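Here is a short report for a reader who is new to this structure. Look at the model first, then read on.

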Amino acid sequence: MTLLANHPERNIIRVQLRQNLVLKELRDSEMAALEPHLTVVDYQKGDLLLNQGVHEMEQYFILDGILKRVVTSPSAKEMILRFASERDIETSYAAWRLKTPTPYSIVCVSKARVAKLPMPQWVNFLESHSQIKQNFEYEVMRLMSEIMGHTITLHLLDAPGRVHRFMRKQAELFERLPKKQLASYLNLSPETLSRLKNQGKI
């Protein structure tokens, strides 16, 4: 974990942050106010960024790699809610606002580099920058709507339909994701996913 200002690749990271869907509208002065709070962390595949059920939360800006949001049942059955990659965010902002434990974990699907800061610092920053807060809260609601839409389609669409929806929504991730992870997200077996591809249905 390295403060952004001290990171040997800080200039590249600053460019990447400028491409983030939440931070791209920040003025130079606003980015300068945020930067001292940001640390940069490199994670390995399978590393846990956030554990389901905790109260200590952070805000994440993805620089490289792919993360997944996962819910685990008491019987240890997992459900993947979403994937996120470069220029995207991960957050537990809603849980923070509701003063509830995190309802999901955030896990690395691949090697990943993330800029992050503690949720209290991010919330304080948002309270001082109303337009950024508005844009960020819109994005949080959009993500929640996407997850709800995905959950509904698991029940309403057949297997090819679920794959086609994913390809339409996140085409850039289709070839990058391990097929086992993608199959789990779509509530399919890896064998079914492979068979659909071999039969030319996807």
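## Sheet and cores

This is a predicted model. Four strands make an open sheet, in the order E3-E8-E5-E6, and the pairing is antiparallel. Strands E3 and E6 are the edges: each pairs on one side only. From one strand to the next, the twist averages 30 degrees.

Inside the sheet, E5 and E8 pair in the antiparallel sense over four bridges. Val-70 stands opposite Ser-105 in E8. Helix H5 packs on the sheet and touches E5 and E6. The direction of H5 makes about 135 degrees with that of E6.

| E3 | 48-50 |
| E6 | 78-84 |

Now the cores. In soluble globular proteins, nonpolar side chains tend to be buried together. The largest nonpolar core here has 27 residues. Leu-17, Leu-23, Leu-34, Phe-61, Trp-122 and Phe-136 touch the most other members. Several elements give two or more residues to this core, including helix H1 (10-18), helix H2 (28-34), strand E4 (58-64) and helix H5 (130-156). Helix H4 (119-128) is also one of them. H4 gives the most, with five residues.

Which residues does Leu-23 touch, not counting those up to four places away in sequence? They are Leu-17, Arg-18, Met-31, Leu-34, Phe-61 and Trp-122.

How values were computed:
Residues are numbered from 1 along each chain as its sequence is written. This is a predicted model: local features need pLDDT of at least 70, side-chain atom pairs count only at pLDDT 80 or more; totals for chains, interfaces and linings use all residues. Side-chain values use heavy atoms; hydrogens and water are left out. A nonpolar core is a set of buried Ala, Val, Leu, Ile, Met, Phe, Trp, Tyr and Cys residues joined through side-chain atoms within 4.5 Å. Buried means under 20% relative accessible area, exposed over 50%, partly exposed in between (1.4 Å probe, protein chains only). Contact means heavy atoms within 4.5 Å. Two strands pair if DSSP finds at least two bridges between them. Axes are lines fitted to C-alpha atoms, for helices over the stretch in contact, and angles run from 0 to 180 degrees between N-to-C directions.
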